[in-house]
Amino acid sequence: MKTVKTISNKTWAQLQVGDTATIERVCADRDLFLFAHVSGNINPLMLPVDEDAPVADAPIAPSMWVGSLISAVLGNILPGPGTLYREQNFEFLNRVHVGDHLRVTVTCREKRAEPTVVFETVIANGAGELVCKGTALIDAPIRNVETPVRELPALIMDKKDHFSHLLALAAQLPRLKTVIVCPESHNALNGPLLAFEKGLIEPIFIGDPERIAKAALELEADLSPFRIIDEKNHRAAADKAVAMVRAGEAGAVMKGDLHSDDLLAAVVKKDGGLRTGRRISHVFVLDTLTLDDLLFVSDAAINIAPDLLTKVDIVQNAIDLALACGVEPKVGVLSAVETVNPAIPSSLDAAILSKMAERGQIRGGVVDGPLAMDNAIDVDAARTKGIASLVAGHANVLIAPNLESGNMLAKELTFVAHAEAAGLVVGASAPVMLTSRADNDKARLVSCALAQLYNYWRQNGHAYAGAQESKALAAE
């Protein structure tokens with residue numbers, strides 16, 4: 001039987017002068033962000049700086065956050081449940097910073113007419129220095145209470161930003177010449193212009209010059225530094241873009257304001273396309289709130305109902321992009337169940353793909369399947385199901401059974417779970433950015449960064465390691 005943890009109290013009658021209780025707490029970044037949300041206090045001195053920001057002084061914990069820790073002792077321990085505040089005064093003697101270890105103590109100093117009690121309240125840091133002292137006037141409980149400890153709702157904080165790291169890495173590489181096909185709306189034009197500003201790409205625009213100029217006018221953008229190729233027909237514009245890549249005039253293609261089918265038809269055509277010996281596929285790259293690494297989902301945009309051989313290429317393409325981003329791929333091949341069931345074809349395909357990876361027919365990552373979504377991502381779910389593998393509970397690459405399930409998974413993570421998403425078409429002879437009209441500016445920027453890093457990986461056989469590698473190459 002599961003033991004239920006409880007907390008109890010001392011009534012006014014039970015309290016004795018000299019009674020004392022203490023808790024310990026370490027000040028963390030999370031505390032400062034949460035206090036800012038609750039209080040509305042966004043004083044920059046009291047908020048952690050971004051990881052990529054210049055070095056700054058350590059943030060100071062708001063004094064009222066420090067003082068609020070006293071209520072945890074009064075309300076939980078002494079006197080405990082049923083305690084109500086009347087007054088509290090504070091004197092703040094030293095500042096508290098992130099990482100400081102705090103010792104919070106309350107001591108009963110005076111009992112007045114029932115139910116009033118005076119407590120001395122002090123908070124000291126790890127060095128024994130007082131950071132806060134004062135007195136609390138409270139109404140103590142008059143009845144004994146023993147109550148189960150209540151589990152608070154989980155809070156998810158958007159703290160880690162893996163995309164900024166990708167953008168910073170890609171910006172260290174030479175600009176990637178990229179043909180933007182039909183950037184004839186302000187959304188389709190703004191993305192590549194931002195990517196140019198960030199040092200990611202060197203854009204070449206193909207489309208209707210009048211519509212491109214109108215979009216630029218809406219953005220108040222100057223297009224005079226850029227090459228613009230006149231082609232009003234969307235399919236012909238896509239063909240020209242692919243031809244430029246084949247001729248070495250550009251290294252990547254980016255979708256603008258045209259239908260995906262028009263662009264992909266030019267990419268995959270047998271004569272004059274960007275085909276290789278491998279099936280092309282699309283990979284969503286997601287920065288989620290609850291995972292410690294990037295999450296790769298494929299295929300959610302190109303291959304509608306892939307057969308086994310197509311899935312081999314889909315898996316290999318996703319592994320390659322993960323490697324290009326510096327991620328060690330742990331591939332979970334998804335199905336509705338985690339056991340092989342002949343009545344569920346995706347479970348058979350998953351088991352075969354796993355075995356093919358063991359035999360070296362898929363390289364660069366660890367592949368396991370079939371796995372259901374829960375035991376692919378969650379360690380406890382995998383443990384409960386008795387699944388022991390290097391992937392179960394730790395998957396950072398998810399292979400969907402078909403386009404429908406993959407598309408729903410990626411968009412649920414984006415629009416329901418608030419993951420940030422970008423994507424890239426891989427398996428062609430050059431990166432293809434298949435951006436959506438619903439993509440925001442950051443998604444378009446990160447798609448350009450993915451193209452940069454994938455292009456580098458294809459040319460060099462390893463992920464780009466950053467500025468130190470650039471210096472070493474320059475020295476050679």
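**Figure 1. Helices H6 and H7 are oblique to each other.** In this predicted model, helix H6 (residues 234-246) packs against helix H7 (residues 260-268) at an angle of about 40°. Their axes are 8 Å apart. Why do we call H6 and H7 oblique? Angles under 35 degrees count as roughly parallel, over 145 as roughly antiparallel, 65 to 115 as roughly perpendicular and the rest as oblique, so H6 and H7 are oblique. Each axis is a line fitted to C-alpha atoms, for helices over the stretch in contact, and angles run from 0 to 180 degrees between N-to-C directions. Helices (H or I, at least four residues) and strands (E, at least two) are DSSP runs, numbered from the N terminus.

A note for all the views: residues are numbered from 1 along each chain as its sequence is written, and side-chain values use heavy atoms, leaving out hydrogens and water. Because the model is predicted, local features need pLDDT of at least 70 and side-chain atom pairs count only at pLDDT 80 or more, whereas totals for chains, interfaces and linings use all residues.

**Figure 2. Helices H4 and H5 are roughly perpendicular to each other.** Here helix H4 (residues 186-197) and helix H5 (residues 209-219) pack at about 70°, with 9 Å between their axes. From H4, the residues His186, Leu189, Asn190 and Leu193 meet Ile212, Ala215, Ala216, Glu218 and Leu219 of H5.

**Figure 3. Helices H8 and H13 are also roughly perpendicular to each other.** The axes of helix H8 (residues 308-324) and helix H13 (residues 441-460) come within 8 Å, and they cross at roughly 100°. Which residues meet between H8 and H13? On H8 they are Asp320, Leu321, Leu323 and Ala324, and on H13 they are Leu450, Leu453, Tyr454 and Trp457.

Figure 4. Two strands pair if DSSP finds at least two bridges between them. Strands of a sheet pair through backbone hydrogen bonds, either parallel or antiparallel.

**Figure 5. Thr83 sits in the loop between H2 and E3.** The side chain of Thr83 reaches the backbone oxygen of Gly80 at 2.7 Å. A polar atom of the Thr83 side chain also lies 3.4 Å from the backbone oxygen of Leu74. Not counting residues up to four places away in sequence, Thr83 touches Leu74, Ile138, Asp139 and Pro141.

**Figure 6. Strand E13 is covered on both faces.** Strand E13 (residues 295-298) has Leu295 and Val297 on one side and Phe296 and Ser298 on the other, and all are buried, meaning under 20% relative accessible area, with exposed over 50% and partly exposed in between (1.4 Å probe, protein chains only). Is the run of E13 parallel or antiparallel to E12? E12 and E13 run antiparallel and are joined by three bridges, with Phe284 opposite Val297. Strand E16 (residues 397-399), by contrast, runs parallel to E13, again with three bridges; the bridge partner of Ser298 in E16 is Ile399.

**Figure 7. Strand E17 is mostly covered.** In strand E17 (residues 420-426), six of the seven residues are buried. Strand E12 (residues 281-287) pairs with E17 in the antiparallel sense over seven bridges. Ser281 stands opposite Val426 in E17.

Definitions and conventions. Polar contact = N/O pair within 3.5 Å; in protein donor to acceptor, adjacent residues only side chain to side chain. Contact = heavy atoms within 4.5 Å.
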